[in-house]
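I opened this model to look up a few local features, and I note below what I found for each.

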Amino acid sequence: MIRFHKSRSTIFLFFAFSVNASDNLHFLIKSYQWDVIEEMFRHKSPARESEVYSLINYHEKAPGGDSEKRFLFLISQIKGSFVSNYNREDIDKILQNALPHQSVVFRLSFWKLYQELEKRRILSSEEKAIFLAKLSFEMDPVSRRVFEELTKVLTENNSTAELIKRVDSLSNEEKKYYIKTEIWIRYAKAIAREGDLGRARDEYVKLTQDPETPDYIRTFAYQDLKKYLSEDSFLNLRVSNILGFINQMSGEEANSFLRKNKQEFRSRMDNSVSFYEAGRFLSMIDDVDTLISLVQSNRNHVNEDQEKFVRFGDVLLSKNKHQSAIRLMEKFPEINDAGRFRVLMLAYEKSGNREKSIDNLIRYLAAYPFNLHYQDKLIDLLIQKNGSSTKYAENIYWKKAMDEMPDLPVKGRLVYWYFRYLKANNRNDELKSQLQTYYSKIAGSYYTRVIREEFESELNEIPDPPNPTANRDSLFRYLSKTAGVPELSGKILKKNLGFAYFDKSFDLGVKLTNIQSKIKGERLLATAADYFRLGEESFGMNLVNYYARDRNLSILEKEEILVGIGDLSQNTYFSAFYTRSLLKRYKIPDDPILLPTSIASRIYPRPHREMVVKHSRDAGISEDVVYAIMRQESFYKENAISRSNAQGLMQIMPATGRELARNLRVTNYSLFNPNTSIQFGSRFLAYLMKENQNDMRWASIAYNGGPGNLRKWKRNHYTGDFNHFLEDVPYKESRDYCRITVSNYYAYDIMKKYHGL
């Protein structure tokens with residue numbers, strides 16, 4: 001427990017240092033290292049704004065936190081002087097006095113104090129408004145959250161004129177940022193209550209034409225318009241405006257509106273929201289004739305966002321209108337969104353047309369190969385197992401899948417089963433020909449080593465290329481022999497393989513390194529990075545999303561910014577996650593052998609390395625094993641929490657954590673603390689490795705599916721060949737988990753032996 005020694009003076013100068021000046025402390029906050037923060041302040045009191053904020057978070061989230069101390073630190077932070085006991089006079093002074101410089105840390109503290117005052121019911125309704133109005137309203141996510149709360153309080157107080165005045169005082173740029181969803185509907189409602197129905201009507205209509213407005217807000221807007229406008233006034237709105245509410249109407253009302261305005265539903269819409277809402281409604285009632293006409297008249301809106309067209313097909317599928325979905329999707333073959341092929345695949349499957357279902361499944365995976373569920377579905381269609389015998393689909397399907405699927409790691413399972421198909425059908429010359437260069441088709445896949453093991457005799461008949469680094473073809477022939485295993489790939493270890501790096505990967509690495517200067521030079525992005533440094537990711541994302549929309553950035557440009565912010569804020573999760581996402585979008589394989597270090601080190605980082613080295617060594621396992629599991633479990637996110645309540649970097653279940661804590665004699669711990677999570681996870685992994693002959697493959701299945709399930713599956717499906725066993729494990733999640741984590745393990749080994757990291 002932290003004990004604070006009261007200084008001679010009760011006045012603290014909470015200096016508003018920049019976030020960069022306190023990076024180390026903020027990293028501790030972001031990464032939930034409460035034990036380190038506790039030790040820092042065991043014998044000293046906080047003096048800086050950031051130090052006070054660290055203790056506010058400590059007492060909020062740490063196992064030894066004290067809610068009363070947190071409350072006092074919040075008051076101290078905003079008041080600017082230390083308070084040792086709660087006194088209402090301190091709150092009054094905050095209400096009366098001007099606030100100091102408002103840094104990111106100060107604004108976060110201000111919002112947390114308001115939430116605590118609200119929870120304790122200390123402020124009256126009028127005082128809430130006074131308190132909230134004290135914050136300066138800037139282009140800042142906390143300011144926006146506070147402004148949203150202020151509009152809520154003013155609405156509850158029936159202070160409609162004050163609410164309107166507050167909104168109208170914002171600049172045009174601030175209105176673009178602030179006036180969304182709840183704030184917007186409160187503003188429109190206030191105008192209506194003040195009697196200006198024409199202006200209120202216009203605000204409600206603009207609200208529903210905003211693509212970011214969710215359905216529940218549309219419902220409120222529709223109910224308000226019906227309340228404040230007469231039936232005639234409502235129906236005198238432009239048809240395209242009423243279409244923004246079509247899915248909020250009762251069935252009878254909506255159908256009546258459709259009958260009276262059928263031609264309008266077939267016409268060009270002046271905005272994308274009216275088009276989408278009309279199309280969604282027509283899909284719900286299965287009026288495909290009108291829906292087709294609507295799409296034909298609004299190709300501009302379809303081209304802007306083809307996913308919205310696909311959603312019409314999804315609605316039809318949800319209503320079991322499979323023939324209608326087929327008719328709609330087939331009517332527009334020029335739409336190449338992957339989702340269109342997915343809808344057709346499912347619709348044809350439900351209609352009993354196996355040939356077209358397989359054809360569209362392959363086309364879907366050709367456009368979007370990263371869906372492991374549908375990758376497995378394809379294999380299930382290409383092979384039929386009956387006990388120990390396997391029946392394979394006709395060659396035409398195998399050839400189509402092999403030709404159309406892009407050459408990426410996710411193609412690995414298809415290539416593996418294709419080779420088994422060739423061998424089972426005695427097509428040995430074709431098999432040997434394919435084996436010579438298979439690595440180029442599935443670089444970085446778990447299955448490169450599986451193929452090398454299973455087809456070792458065939459590969460041994462293929463001569464080694466004389467100079468593996470002569471050109472790309474020679475390198476891929478060599479890697480097809482060795483599968484990139486470092487112990488077998490001595491001829492290319494420590495060699496410059498830049499000549500064979502995947503297209504666009506080097507340029508992407510340069511771009512991601514240079515993006516940091518852009519972030520530092522843009523005020524909104526620099527502020528977003530400040531929030532990320534403090535672990536306030538939702539606030540940071542709010543600014544990034546606004547910046548991307550306001551400047552009409554592509555998804556690629558936005559994700560490049562997120563990588564840069566992750567790098568600047570020491571947020572490994574964002575840096576790794578969005579680098580991986582960019583690789584997928586560019587369809588660049590994530591094979592660390594053939595990626596520049598600038599990319600490979602971002603997707604296979606080693607965060608908290610001192611902790612990992614210590615605890616893996618203490619547990620007697622490789623640090624690469626720990627990182628392999630961490631990457632899959634949390635993707636390096638310290639506060640990750642699963643639907644089943646697994647927590648932290650290593651995703652330890654609370655019950656498992658309690659057992660490990662007893663065994664390790666650890667008390668007063670948090671599973672979100674990286675030191676605790678890595679310690680517990682390393683010990684649990686060490687136990688599983690020992691139970692499974694130190695084989696990462698078996699241990700990974702036990703980590704995911706449980707040791708008991710592994711024993712059962714082993715009894716029922718293992719016949720001496722692990723690779724065949726894994727294909728037969730009945731639980732898909734554990735199959736995928738093993739492939740991914742073992743592939744991670746190989747990648748970290750490669751990072752060490754190829755890149756020296």
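I take a residue as buried under 20% relative accessible area, as exposed over 50% and as partly exposed in between, with a 1.4 Å probe and protein chains only. The model is predicted, and I use local features only at pLDDT of at least 70 and side-chain atom pairs only at pLDDT 80 or more, while totals for chains, interfaces and linings use all residues. Residues are numbered from 1 along each chain as its sequence is written, and side-chain values use heavy atoms, with hydrogens and water left out.

Helix α39. I looked up which residues of α39 (609-619) are buried, and found Met611, Val612, His615, Ser616 and Ala619. They lie on the same side of the helix because they cover an arc of only 110° around its axis, the arc being that of the directions from the helix axis to the C-beta atoms. On the face turned away from this buried side I found the exposed residues Glu610 and Arg617. The buried residues of α39 pack against α40 (623-633) and α42 (674-691), where contact means heavy atoms within 4.5 Å. Glycine 620 follows α39 and has a positive phi, near 80°. Helices here are DSSP runs of H or I with at least four residues, strands are runs of E with at least two, and both are numbered from the N terminus.

I noted tyrosine 392 in β2 as the bridge partner of isoleucine 383. Two residues separate the strands of this hairpin, in which glycine 387 takes a positive phi near 70°.

Key. Pairing = 2+ DSSP bridges.
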